[in-house]
Amino acid sequence: MNQIISSETSTALSADTVLVRKYLDRAVRPAVLDEETQKTYKTNITQLMQQKNARLVAHYYTDAVLQDLAEESGGFVGDSLEMARFGRDCDADILIVAGVKFMGESAKILSPEKTVLMPTLEATCSLDIACPIDKFSAFCDQHSERTVVVYANTSAAVKARADWVVTSSIALDVVEHLMEQGKKVLWAPDKHLGSYIQKTTGADMLLWDAACIVHEEFKARGLADMRKLYPDAAILAHPESPSAVLEMADVVGSTTQIINAAKHSEKSEIIVATDQGIFHRLQQVAPEKKFIIAPTAGVEASCRSCAQCPWMGMNSLESLYSCVQETSNEVCVDSALAAQAMIPLQRMLDFAVNNQLKVRGKA
Ligand code: SF4
């Protein structure tokens, strides 16, 4: 059974779509800086981070200049959970998370003793916005016979309400494990990822109705046209993309899995259906290959993101400089809530260790 939520809740979620648009209106892209200015910012930020024993952790979808700065200054670039785990294991007093809100919260949950800052606290995620705790909690109560599995792209409060938190790379294994135990799953929030897991595992899943505004824009019809132009190209897609796109992909996987697949692919041309920010890392790991972004425009287009997350794009050198200089934009998670959210997070980490799986997530 693959069930989309009841019409009553669906009506409520339409309001959340309006809310997503409101957040989108506030997501202003920073000005592009010239090279000299970038260099000055990078030098000053690095000095400040050294003085304050701070470390920068950046997501693959952030601007290339932030990814480079994170690596050059002893920080880290990765997916959301890798970022949180690096933050937990490093000896910094301050973590600066260049990403979106739920990543800052995950970092704080895993590192409660550290100060966690973000260049902007306005950067959020359509999945997080469209899964408010009050509606989600009521939905869980209505289906109390189901095991609640939520994606990492959720608020601390939603995580705290869940039995499991998963990333895209471990979700299939966890759901299979639950299925073997005869459990039915309530999945939230990404309906495309949920549908992909349901189809792959055959599990009994009830899906929350939300989507990533970046991946939902990829178009199967445009991809079919693109494939005619590049008949020998491999297609790599993130499972937050619509099912018609996933059906055309050679590899479906998380950001880290896409990077690995691109590196090891025998193809010299690769079409990629995920946020364009990942191209920076793809070109580093396979400089000889040609990477092409999957189409978001064309027939049926309503491009709200054009394969670039507007919230990830809010992270800039200027906002990073202000936050590290002023030690501002601190991420706070209520300690009781953090302790509760840690339970399903830890369950996933233990599952990965026990099953010798690598836990790698995504935006
Ligand atoms: S790319 Fe999609 S899933 Fe990732 S932060 Fe942006 S809106 Fe959320």
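Reader: Is Lys114 buried or exposed?
Author: This is a predicted model, and the call rests on the computed relative accessibility of the residue. The limit for buried is under 20%. Lys114 has 5% relative accessibility, so Lys114 counts as buried.

Reader: Where in the chain do Asp209 and Lys191 lie, and how many residues apart are they?
Author: Asp209 and Lys191 form a salt bridge, with the closest N and O atoms 3.3 Å apart. The pair links distant parts of the chain: Lys191 belongs to helix α10 (residues 191-201), while Asp209 sits in the loop between β9 and α11. At 24% relative accessibility Asp209 counts as partly exposed, and Lys191 is partly exposed with a relative accessible area of 24%.

Reader: Which helix holds both Lys228 and Asp225?
Author: These two residues form a salt bridge, their closest N and O atoms being 3.6 Å apart. Lys228 is exposed at a relative accessible area of 66%, and Asp225 is partly exposed at 44%. They are three residues apart, about one turn of the helix, and both lie in α11.

Reader: What is the nearest side chain of opposite charge to Lys219, and how far away is it?
Author: Lys219 is found in the loop between β9 (205-207) and α11 (220-229). Lys219 is buried yet has no salt bridge. The Lys219 side chain does reach the backbone oxygen of Glu217, at 3.1 Å. The nearest side chain of opposite charge is also that of Glu217, at 4.0 Å.

Reader: How many salt bridges does a search of the whole structure find?
Author: Besides pairs such as Lys228 with Asp225, there is a network of salt bridges linking Glu145, Arg146 and Asp204. For the whole structure, the search finds 11.

Reader: Why is strand β6 described as largely enclosed?
Author: One side of β6 carries Thr147, Val149 and Tyr151, the other Val148 and Val150, and all are buried. Both faces are therefore covered, and five of the five residues of β6 (residues 147-151) are buried, so the strand is largely enclosed by the rest of the structure.

Reader: What is the handedness of the crossover from β6 to β7?
Author: β6 and β7 (residues 164-166) pair in the parallel sense over three bridges, and the bridge partner of Tyr151 in β7 is Val166. Between the two strands the chain passes through helix α8 (residues 156-161), and this β-α-β crossover is right-handed.

Reader: Which residue in β8 stands opposite Val148?
Author: β6 also pairs with β8 (residues 185-188), in the parallel sense and over four bridges. Opposite Val148 stands Leu186.

Reader: Which residues of helix α13 are buried?
Author: Their cover includes α4, β10, β11, β12, α14 and β13. In α13 (residues 255-264), the buried residues are Thr255, Thr256, Ile258, Ile259, Ala261 and Ala262.

Technical notes
Residues are numbered from 1 along each chain as its sequence is written. This is a predicted model: local features need pLDDT of at least 70, side-chain atom pairs count only at pLDDT 80 or more; totals for chains, interfaces and linings use all residues. Side-chain values use heavy atoms; hydrogens and water are left out. Buried means under 20% relative accessible area, exposed over 50%, partly exposed in between (1.4 Å probe, protein chains only). Two strands pair if DSSP finds at least two bridges between them. A crossover is right-handed if, with the strands pointing away from the viewer, the path from the first strand over the helix to the second runs clockwise. Lys and Arg count as positive and Asp and Glu as negative; His and the chain ends are not counted. A polar contact is a pair of N or O atoms within 3.5 Å; within protein, one must be able to donate a hydrogen and the other to accept it, and residues adjacent in sequence count only if both atoms are side-chain atoms. Contact means heavy atoms within 4.5 Å.
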